[in-house]
Amino acid sequence: MTSRRDFLKVLGAFGLVGVAGGLAPPIIRYVMPPIPPQQPFPRTKLVWEDGTPVKASELEVNKMYLFSYPMVNTPNFLLNLGDENGNPIEIPPAELPITMDPTKDESAVFKAQGGRVEIGRIEGRGGVYRFPGGIGPNKSIVAYSGICQHFACFYPALKFFPPGASPPNPPSEAVAKGGVIFCACHGSAYDPYRGAIVTEAPAPSPLPAVILEWDPNTDELWAVRVEGSTITGKFCNTCAQPEEMVGDTTTVKQVA
Amino acid sequence: MFRSNNLAEWLEERLRLSHLPFYRVPYNYMTLEFWIGAIVASSFMLLVITGLLLLFYYKPDNPILANYELITEKPFGRFLLTTHLYAAHAMIFSAIIHLFRNMYRGAYKKPRELVWLAGIVTGLIMIQTAFFGYSLIGDKIAEEAVAIGSGLVSNSFGPYWGKVLVALAFDIDEAQRYYRLLALHIILAGLLGLLFMLHFGLFEQQGPQPSHEETGWRTKPERIPQDREDLAPWFPVNFLYMTFLGLGVWGFIVLLNAISQAAGFVHQLLYPLPIFDPEKLAAAGVTDPPEWMLEAAEKTRPMPPWFLVYAFKIFQLDFLYIDAIGYSAILIFIISMILPPLILSVFPFIDRHESTHPLDRPIPTVVGGLLIIYLVQLTIWGALSIGYYSLTTTTLIFLVPLIVVVMGYWILARYKNGEPVGAGLVLAFTVIILLVFIAPGAWIVAKGSQGASEAFWADLATMMIGLALAIGYVALLATSLPSGESVQRTVQVGSRDIPLPLALLVVIDLFLLITSVLLLALWVDPLASPAGTTALVALLFLSAYGVVHGAYRAVVVDKIPYTWIGRELPPHLLVYIAAIITAAILV
């Protein structure tokens, strides 16, 4: 009965595989760190470093401002967008894909190039989100996550280049014309005039949009939530301990 | 039906495992006596794995909170911490057995002197690693360990060098202490791994000492000839033996841990969980610790883990403290830490007898045996009572085994060498043993019940245990006497096929293995039922042990034939006992 011998040898191999495989789930459960609780988005007033509220009319066109939201370690751009001559431009609302690949998704690139004002609905994997467009007196003020969606580079690697200002070593002519948020790490480019959609790979998704509120009576600004893809490197946009969230105010700094 | 041979051949062509340069041994060396070192090594492997996993959540700035959260909030955290402790117990215990076996068999003799010395150094580093390991917990016993360790070192090495050594081992800044202890524990564990490799490598150069049944207690041949016809190929025979033995050891360790967790607080030396001081727990940030944790703290008194209780007891023998300024504990340090390894180290160099028979080697047999007996006695004495002792009590307690072992050895050695053993000698021996039994009773009667305090009973129990161990040791020596008839090497006859019952046992093992895997992955809640989870892991290891043992039997059945089911049952019985215990704990 050599077959019975072979049977026991096969069972022995099963035993070794079984004990190794059986240990895997407990080890993974033990090693998995606790996921921080999901917090509500704070309603946070934007203030200057001296504590005075940021007025929408104080923001210079095409300058780069940074502020933290919703966590203390998640920087964002605050931009008052304009044309080459420094005149503010109205940024329209749009429905944007949560993930997109400009090298593969022909329709996304086509529609993105279709015109700055008429952004239609762009289909992408992972659903869509609503980008509310610019706010403020000229509907030109927007805020985006300042962390590149590719490998999480941030300022000064990730920068806004106003129209006419070319990033060093631009990967394409479109980027060389300026008017982009460009990441020097791996050459990803986003179009801040169109909800920060990806215009140059390898970034896989638009920069998450920080939803702002503007009070026309006082001209003050609030950050209220984040829409779009999850900020790179975070489990969710508000998964953090309470003390890691920004409070009632967050400081805006001009960096260029 | 199955074509496992094709896979085995495929692997063999690529891995060439059967060509590994390990020392080859005959099939009849596949018994536990030749594999005690593998028990030590597999305990060490389990320690490395659990220890590295424990490193994920250790916090040197707050070890009490880290360990509290580990055992109350982390899935399988309690399993890992308790298994790490029990694996350490198993490693130290099996290392002592390993040492005793090789001492008794004279395995340290030429050409294995360096294997023996490397083993002693490895053992010392093992104890030191364990010391820093239990200091890391931050519980009551850990704090006492640091306090007692500091006191012993500074009282042994004087006002200056003592402080230098204390600073090196424990740091002067308490906030930094656990960073240092963690680093020392891991560095020493790494050193232990390297020393183990040295010890094993030296061993592999010689192979195991040939069995006394084959050499007739001679030192020749020094090695197992590599041209014997009954040598087993390292792969798969030794490999499978090592694998199932390792899995069995792991399963046994985890099973004992599960039983201990389910039993709760029996004795602090067996208790598998940290025993935190409630005030320290509160200071660390734990506001409402569970009731069982506070109860355990109440029942605990200052005492190190069992493997250092002997030294703890020697510290209490106050007549050993010599009156020298700043160096009062040096004698205690030498007796407890230096002398035992030193005595063991000289055995290969003073024992040059051509025979490996224990009755031909008076110093190793008598001194080595007494070392082990005294170790057990001191451990039990330390666990039973605390206090300071007179020279008289101590001498009485340790004189009994000395007399019995020396006289027993003398009588047995004379008998073995064919010299006359006078009736008077045997009578004297018997009378002494009887006196040891009778004298304490007479003393109790004379003194009345006042004399029989708790400490007295502890002293008496220690003396009686010493007597029992000494008689047992002499009996062990007597078994090595020639039986008068020439030993017939019985050739094993039996089936060279795998009978159905054996295959069925293995199938049941595999069923239990799959069950434990599924329960662990899908059903059991490690936080709600830590003991049950631990028992399931034990069942996982032990059922795998049963299954791999089955494969081993299939491989060696040509050389070690199947005789009857009773001989195959014991390894599988362990699996079924584990299954019953697991079910009992879970339900």
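**Entry 1: chain A, strands E9 and E10**

I began at A:Ala189, which stands opposite A:Glu200 in E10(A). This is a predicted model, and I read it as such. I then looked up the pairing around A:Ala189. Strand E9 (residues 189–191) of chain A and E10(A) run antiparallel and are joined by three bridges.

Next I traced the sheet. It is an open one of four strands in chain A, ordered E7-E8-E9-E10, and the pairing is antiparallel. Which strands stand at the edges? I found E7 (158–161) and E10 (197–200) there. Each has a single partner strand, so one side of each lacks a neighbour in the sheet.

**Entry 2: chain A, hairpin and a loop**

I moved on to strand E11 (residues 209–214) and strand E12 (residues 221–227) of chain A. They run antiparallel, and six bridges join them. I checked one pair: A:Ile211 stands opposite A:Arg225 in E12(A). The hairpin of E11(A) and E12(A) has six residues between the strands. Within this hairpin, A:Asp219 takes a positive phi near 70°.

I looked up another positive phi in chain A. A:Lys139 has phi near 50°, and this residue is not a glycine. I placed A:Lys139 in the loop between strand E5 (128–131) and strand E6 (141–145) of chain A.

**Entry 3: chain A against chain B**

I looked up the contact between the chains. Chain A gives 24 residues to it and chain B gives 34. On the chain A side I found 13 nonpolar, six polar and five charged residues.

**Entry 4: chain B, domains**

I turned to the division of chain B. The domain assignment gives domain 1 (35–208 + 242–348), domain 2 (358–479) and domain 3 (495–586). How far apart are the centres of domain 1 and domain 3 of chain B? Over C-alpha atoms I read 31 Å. The contact between these two takes 18 residues from domain 1 of chain B and 19 from domain 3 of chain B.

I asked which helices supply the domain 1 side. Helix H4 (77–104) and helix H10 (234–263) of chain B each supply at least two residues. H10(B) has the largest share, 13 residues. By class, this side of domain 1 divides into eleven nonpolar, six polar and one charged.

**Entry 5: chain B, H3 with H4**

H3(B) contributes B:Asn67, B:Leu70 and B:Ile71, and H4(B) contributes B:Gly77, B:Arg78 and B:Leu81. I sorted the contact into three nonpolar, two polar and one charged residues.

I followed the helices of residues 500–523 and 530–556 in chain B, H19 and H20. They pack at an angle of about 150°, with axes 8 Å apart. That makes H19(B) roughly antiparallel to H20(B). The crossing of H19(B) past H20(B) is left-handed. From H19(B) the contact includes B:Leu502, B:Val506 and B:Asp509, and from H20(B) it includes B:Leu536, B:Val537 and B:Arg553. By class I have 14 nonpolar, four polar and two charged residues in this contact.

I went on to helix H21 (residues 565–586) of chain B. The axes of H20(B) and H21(B) come within 9 Å and cross at roughly 160°. H20(B) and H21(B) are therefore roughly antiparallel. This crossing is left-handed. Among the residues that meet are B:Ala531, B:Gly532 and B:His549 in H20(B), and B:Pro571, B:His572 and B:Leu586 in H21(B). The contact of H20(B) with H21(B) holds 15 nonpolar, six polar and no charged residues.

**Entry 6: chain B, cis peptide bonds**

B:Pro111 lies in the loop between H4 and helix H5 (113–135) of chain B. I noted a further cis bond, from B:Lys220 to B:Pro221, with omega near -5°. I found B:Pro221 in the loop between helix H9 (212–215) and H10 of chain B.

Key
Residues numbered from 1 in each chain as written. Chains lettered and ligands numbered in written order. Predicted model: local features only at pLDDT ≥ 70, side-chain atom pairs only at ≥ 80, totals over all residues. Axes fitted to C-alpha atoms, helices over the stretch in contact; angles between N-to-C directions. Parallel < 35°, antiparallel > 145°, perpendicular 65-115°, else oblique. Left-handed = near helix turned anticlockwise from the far one by under 90°. Contact = placed C-beta atoms within 7 Å. Nonpolar A, V, L, I, M, F, W, Y, C, P; charged D, E, K, R; others polar. Pairing = 2+ DSSP bridges. Domains from an automatic or database assignment.
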